[in-house]
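Please look at the sequence and the structure before reading on.

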Amino acid sequence: MLRPKVPTNPTPTGLVTPPAVVEPTAVVPGTHTQVPAPAPAPARPTVQLTPGTALALVGGGTAVVLVVGAVLVSMLLAVAITGASLAICALVIRSLVNADAKRR
């Protein structure tokens with residue numbers, strides 16, 4: 001039925017470098033090389049939480065939560081108002097169309 005076409009590689013143009021020759025290394029049995037232990041990681045400075053810092057963190061977190069909540073509530077309110085106004089517009093248009101159809 002359908003025979004796939006095998007792509008042919010184009011001949012290279014320009015400067016072609018020969019592949020690098022890898023020299024084999026001799027393995028001598030019985031010799032072990034000792035791998036040095038990795039250096040210990042430098043100690044991090046510890047974070048000191050003072051009562052003032054903790055109070056600032058709590059205040060900042062509370063402010064973020066209140067701002068995000070206010071934004072989300074306002075977006076929900078905007079969607080609700082838009083939906084209600086569209087529903088009212090649909091009712092008015094439907095009543096106008098029905099009233100026009102009854103007069104004919």
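## A nonpolar patch

A patch is made of residues with over 30% relative accessible area and no salt bridge; like charges are joined within 9 Å, and nonpolar side chains (Val, Leu, Ile, Met, Phe, Trp, Tyr) within 5 Å. A salt bridge here means a side-chain nitrogen of Lys or Arg within 4 Å of a carboxyl oxygen of Asp or Glu. Accessible areas come from the Shrake-Rupley method with a 1.4 Å probe, and for residues only the protein chains shown count as cover. In this model, V64, V67, V68, V71, L72 and M75 form a nonpolar surface patch, together having about 550 Å² of accessible area.

The model is predicted: local features need pLDDT of at least 70, side-chain atom pairs count only at pLDDT 80 or more, and totals for chains, interfaces and linings use all residues. Residues are numbered from 1 along each chain as its sequence is written, and side-chain values use heavy atoms, with hydrogens and water left out.

Helices (H or I, at least four residues) and strands (E, at least two) are DSSP runs, numbered from the N terminus.

Residues are called buried under 20% relative accessible area, exposed over 50%, and partly exposed in between (1.4 Å probe, protein chains only). V64 has a relative accessible area of 51%, so it is exposed. V67 is exposed too, because its relative accessibility is 53%.

## The whole chain

The protein chain has one helix and zero strands. Its radius of gyration, taken over C-alpha atoms, is 39 Å, well over the 13 Å that the globule rule (2.2 Å times the number of residues to the power 0.38) gives for 104 residues, so the chain is more spread out than a compact globule. Buried residues make up 0% of the 104 residues.

## Before the helix

T50 is in the segment before α1 and is partly exposed, at 40% relative accessible area.
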